[in-house]
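Dear colleague,

Please find below the structure that I am handing over to you.

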Amino acid sequence: MSELKGIPESMLIPIAVKAKETLSDMPIINDPLSVKIIKEIDNPVLDTYVDWLTQLGISIRTEILDEIVINFIKDSNHPFIINIGCGLDTRLSRLKLNKIPWIDIDVPESINLRRRFFNETYFYKMINKSMFDYTWIDDVKRNEHFKEDSDILIIFEGVLMYFEKVEVEALYKEIAQSFDKHHLVIASEFCSKFMTKHTNNHPSVSKLSSKPLFKFGYNNVAELKDILPGSWKVVKEYNYFDRYSHRWRYLKWFKYIVYLKNRFNNKIVIIKNT
C-alpha cells in the first residue's frame with residue numbers, strides 16, 4: 001500500500017467492490033478491468049474494504065448509473081458526459097463507449113493514479129481539478145466536442161455526501177448558470193440523513209485511516225428542493241432496496257416500509273433543467 005501514499009482511500013472502495021462482484025458466482029456487473037486494476041494496485045484491498053453490504057450497494061448503484069448513461073446516449077442527438085469525482089471508474093470500458101465525448105474530473109492525486117491505468121483519446125479526456133475549482137467548466141467548454149447543441153449528462157457518484165449542504169448548493173448553482181443553454185441531466189448519488197450521523201458505523205468507510213465523514217444527505221426527495229436552482233427539477237429517484245431483494249438478507253423487508261427505506265440506504269436522483 002506504500003505506493004498509494006497521498007491517494008484518497010475512498011477511491012479504492014468502488015474499484016475493489018466491482019472487482020469482487022465480478023469474481024462472484026452470479027455478479028450484478030461484469031467488470032474485468034476493475035479486477036485487473038485492483039490486482040495491480042494491491043490485491044488484499046478486496047478483503048480490507050469490501051463487506052457484503054457495501055458490495056451490494058455499490059454494485060446496484062453501478063448498474064443503475066450504467067442504465068442512466070445508456071438511456072441518455074440513446075435519447076440524445078449530441079451526448080456529452082462529465083463524470084465528477086471519477087476516481088478509478090471503469091464505466092467507459094465496461095459499456096464500450098469509445099466514441100462518446102466523455103470527461104472525467106477529480107482532484108490531482110486521483111487523476112495522477114488514474115493515468116496509470118487509463119489513456120486519453122480523441123473522445124476521452126481527464127481534468128485534474130477539484131469540482132469546486134470552477135475553472136473546470138472553462139476546460140469543458142474548450143473541449144473540441146463541446147457544442148452549443150450538446151446534451152449534457154453530469155454524474156456525481158459517491159462524492160456529494162462528503163460535502164456540506166451549502167457546498168453542494170453552490171456547486172449546483174454554478175453548473176446551472178454555466179450550462180443554462182443546454183439540455184442538462186444530473187445523476188447524483190445521495191445518502192440519508194441517518195447515514196450522515198453514523199459514518200463511523202459504515203462497514204467500509206469506517207475502516208479508512210483518513211476517517212472521512214458523510215456531511216449531507218436527505219430522507220425524502222422533497223428536501224432536495226432547497227438546494228436546486230430554480231430551473232431544475234427532480235424527475236426520478238432510484239432506491240437501492242428496490243433491486244435484488246434476495247441479496248439484502250434481513251434488510252430486504254425495508255423496501256416495504258417507507259420510513260426505513262428512506263433512512264437506511266443510498267439513492268440516485270435524476271435532475272433536469274426545465
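In strand 7, V269 is the bridge partner of E237. Seven bridges join strand 7 (residues 267–273) to strand 6, and the two run antiparallel. Helices (H or I, at least four residues) and strands (E, at least two) are DSSP runs, numbered from the N terminus, and two strands pair if DSSP finds at least two bridges between them.

Please note that this is a predicted model, in which local features need pLDDT of at least 70 and side-chain atom pairs count only at pLDDT 80 or more, while totals for chains, interfaces and linings use all residues. Residues are numbered from 1 along each chain as its sequence is written, and side-chain values use heavy atoms, with hydrogens and water left out.

The sheet and its helices

The protein chain holds ten helices and seven strands. The seven strands form an open sheet of mixed pairing, in the order 3-2-1-4-5-7-6. Strand 3 (124–128) and strand 6 (232–239) stand at the edges with a single partner strand each, so one side of each has no neighbour in the sheet. From one strand to the next, the twist averages 15°.

Helix 4 (residues 52–75) packs on this sheet, where it touches strand 1 (79–84), strand 2 (102–106), strand 4 (151–156), strand 5 (184–190), strand 6 and strand 7. Contact here means heavy atoms within 4.5 Å. The direction of helix 4 makes about 175° with that of strand 4; axes are lines fitted to C-alpha atoms, for helices over the stretch in contact, and angles run from 0 to 180 degrees between N-to-C directions. Helix 8 (residues 165–178) lies across strand 4, strand 5, strand 6 and strand 7, and runs at about 165° to strand 5.

Helix 1 and K18

Which residues of helix 1 are buried? They are L12, I13, P14, I15, A16, V17, K18, A19, E21 and T22. Ten of the eleven residues of helix 1 (residues 12–22) are thus buried, so this helix is largely enclosed by the rest of the structure. Buried means under 20% relative accessible area, exposed over 50%, and partly exposed in between (1.4 Å probe, protein chains only).

K18, which lies in helix 1, is buried with a relative accessible area of 2%. Leaving aside neighbours within four places in sequence, K18 is in contact with I29, D31, S34, T62, D89, T90 and R94. The C-alpha atoms of K18 and D31 are separated by 6.4 Å, although these residues are 13 apart along the chain.

Aromatic rings

Rings of Phe, Tyr and Trp (its six-membered ring) pair if their centres lie within 6.5 Å; planes under 30 degrees apart count as stacked, over 60 as edge-to-face and the rest as tilted. By this rule there are 16 aromatic pairs. The rings of Y122 and F123 have centres 4.9 Å apart and planes at 75°, so this pair is edge-to-face. Y122 is partly exposed, at 48% relative accessible area, and F123 is partly exposed, at 21%. Elsewhere, ring pairs link F194, F241, W248, F254 and F264 into a cluster.

The chain as a whole

Of the 274 residues in the protein chain, 55% are buried. Among contacts between residues at least 6 apart in sequence, 71% join residues at least 24 apart.

Yours sincerely
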